[in-house]
Amino acid sequence: MPGKVVLAYSGGLDTSAAIKWLNEKYGLDVITLTVDVGNEKDFLAARDKALAVGAVKAIVKDAKQELVTDYIFPALKAGAVYEGRYPLATALSRPLMARLLAEVALAEGADAIAHGCTGKGNDQVRFEVSVAALAPHLKVIAPAREWGMTREDTIKYALSRGIPVPVKSGSAYSIDENLWGRSIECGVLEDPWTEPPEDVYAWTASPAKTPDQPAYIVVGFERGAPVSLDGVTIPGLGLIEKIHEVAGRHGVGRIDHVENRLVGIKSREIYEAPAATVLVAAHQALEDLTLTKEQARFKARVAPEYADLVYNGQWFTALRQDLDAFIESTQRFVTGEVRLKLFKGQCCVIGRRSPFSLYSHGLATYDQGDHFDQGAAPGFIHLWGLPVKTQAQVQQICTLPANKPEGV
């Protein structure tokens, strides 16, 4: 009896060719797993295609809600944005997919899992490190990394075996998308000097063609998680979809980023992330209102560590669990509403309020009702500046030379 392998299947060229290649190269029966993370594909067509190409079984799983609750919202609470630009859409979906691959492999008695990643990208690391954490006994096969075929060779291989080729030779871009964001690379984008052509974008309107009147929205949060839009409570998935639509219509969410890949190369990436752009900005604004300076500054040190951890495929680690415990503690009072203005590609926070706000009008105002005791300032300044004054008197590091009258 041949062994079994569970293949992460998109329905595209590489993973379709991989079904035949895994059977021919390794003699394995291929079970495909297609995961719906909001990538708007015809999943039934993908299942039927997998079976037609030669899979012994084709499984489709809807994981959109799980992606939101267990991956996107924890990263949002953490403020995890890779290198300050990328909201980690693809990176957050991969550990979820890897977990589902491992679960299906265990349920089906498979010996291995397979993916369609090349040897130049980050996803190979995310899949394989995740599977190593979840089911270390499973083997991992990477056909597109092993077979040594160019894209033209892969097309010829597919055609010679009767596999439908869904793309033409020389297709302009490589695209991945889920409900949190869309990434685009290759083609003319490989020249970082070239302005992205408008055909790169599918989710966001050109700022020149957006409405001439801004949109105003209010996002509500409870303990760091978004829960409402304009006062109406909406579950996470629906909330993201509604914000996605209005922000995209106003051109919000375009990101042009030269990023450092885990494998050691720089890559020019175009991202579209309308909902992520809005929610990251809103969440940060509410934290500014409800966290102390010390909490906010320490959390700002944790955020890039969390982002690196997600980007580098280390979701299933003790460190991520440890950081989540700290982050959840910081979110205890991140409850309230944030008002945003969306206009001509820009997302601006224009208001924020919370029952746990640390902002005191009585302390901040310069008008009537000022409660700040200005008489306490001289003593505070004296004590605060005492170490500086002492060092200046003893060591004279920055002390200016005294002007002495002539003849003294």
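The charged end of Arg 126 sits over the ring of Tyr 311, 4.9 Å from its centre, where a charge is taken to sit over a ring if NZ of Lys or CZ of Arg is within 6 Å of the ring centre and within 35 degrees of the ring normal. The model is a predicted one, in which local features need pLDDT of at least 70 and side-chain atom pairs count only at pLDDT 80 or more, while totals for chains, interfaces and linings use all residues. Residues are numbered from 1 along each chain as its sequence is written, and side-chain values use heavy atoms, with hydrogens and water left out. A further charge is placed by Arg 254, which lies over the face of Tyr 201 at 3.6 Å from the ring centre.

Tyr 311 also belongs to one aromatic cluster with Tyr 82, Tyr 86 and Tyr 271, given that rings of Phe, Tyr and Trp (its six-membered ring) pair if their centres lie within 6.5 Å, with planes under 30 degrees apart counted as stacked, over 60 as edge-to-face and the rest as tilted. By this rule the count comes to 10 aromatic pairs. Trp 21 and Trp 147 form an edge-to-face pair, 5.9 Å centre to centre and with 80 degrees between the planes. This pair links distant parts of the chain, 126 residues apart, with Trp 21 in helix H1 (residues 13-26) and Trp 147 in the loop between helix H6 (143-146) and helix H7 (151-160); helices (H or I, at least four residues) and strands (E, at least two) are DSSP runs, numbered from the N terminus. Both Trp 21 and Trp 147 are buried, a term that means under 20% relative accessible area, against exposed for over 50% and partly exposed in between (1.4 Å probe, protein chains only).

The rings of Tyr 86 and Tyr 271 have centres 4.1 Å apart and planes at 10 degrees, and the pair is therefore stacked. Here, too, distant parts of the chain are linked, 185 residues apart: Tyr 86 is in the loop between helix H3 (64-78) and helix H4 (89-108), and Tyr 271 is in strand E12 (residues 266-272). Tyr 86 counts as buried at 4% relative accessibility, and Tyr 271 is buried with a relative accessible area of 5%.

A search of the whole structure finds zero disulfides, a disulfide being a pair of cysteine sulfur atoms within 2.5 Å. For Cys 348, the nearest cysteine sulfur is that of Cys 347, 6.7 Å away. Cys 348 is partly exposed, with a relative accessible area of 37%, whereas Cys 398 counts as exposed at 71% relative accessibility.
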